[in-house]
Amino acid sequence: MKHFKKISKLVFVTALCSMSLMFAAPSHIMQAHAAVPADTETVSPHADVLRWIYEEREDGLWKRLYNTTRGEWVGDWIYVGPAN
């Protein structure tokens, strides 16, 4: 009889805990304004796109960083080495 009371108490506590978790966070509810139609989505970059631009001069090869997102140069020209 003690064993039966112990098991029934454990089952009751387990059921109570699982039901409280079930009602505490309903995951099936979605707000109406959260749904966005597919044709209104826009893509915006989170980081600038940077690209190395190379220039061959009389004294050798030079490179400079160019920000293609903003359309501006980043930094100065850097000497790479003699041109082949």
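Q: In what order do the three strands sit in the open sheet?
A: The order is β1-β2-β3, with antiparallel pairing. The model is predicted: local features need pLDDT of at least 70, side-chain atom pairs count only at pLDDT 80 or more, and totals for chains, interfaces and linings use all residues. Residues are numbered from 1 along each chain as its sequence is written, and side-chain values use heavy atoms, with hydrogens and water left out.

Q: Which are the edge strands?
A: β1 (50–57) and β3 (72–81), each of which pairs on one side only. Pairing here requires at least two DSSP bridges between two strands.

Q: How are neighbouring strands turned against each other?
A: By 25° on average, direction ignored. The axes are lines fitted to C-alpha atoms, and angles run from 0 to 180 degrees between N-to-C directions.

Q: How many bridges join β1 to β2?
A: Eight, with β2 covering residues 60–67. Within that pairing, Ile53 has Arg64 in β2 as its bridge partner.

Q: What else is there besides strands, and where does it come in the chain?
A: One helix; the elements run α-β-β-β from the N terminus. Helices are DSSP runs (H or I, at least four residues), as are strands (E, at least two).

Q: What share of the residues is buried?
A: 7% of the 84 residues, buried being under 20% relative accessible area with a 1.4 Å probe, protein chains only.

Q: And what does the accessible surface come to?
A: About 8,000 Å², 62% of it belonging to carbon and sulfur atoms, by the Shrake-Rupley method with a 1.4 Å probe.

Key: Buried means under 20% relative accessible area, exposed over 50%, partly exposed in between (1.4 Å probe, protein chains only).
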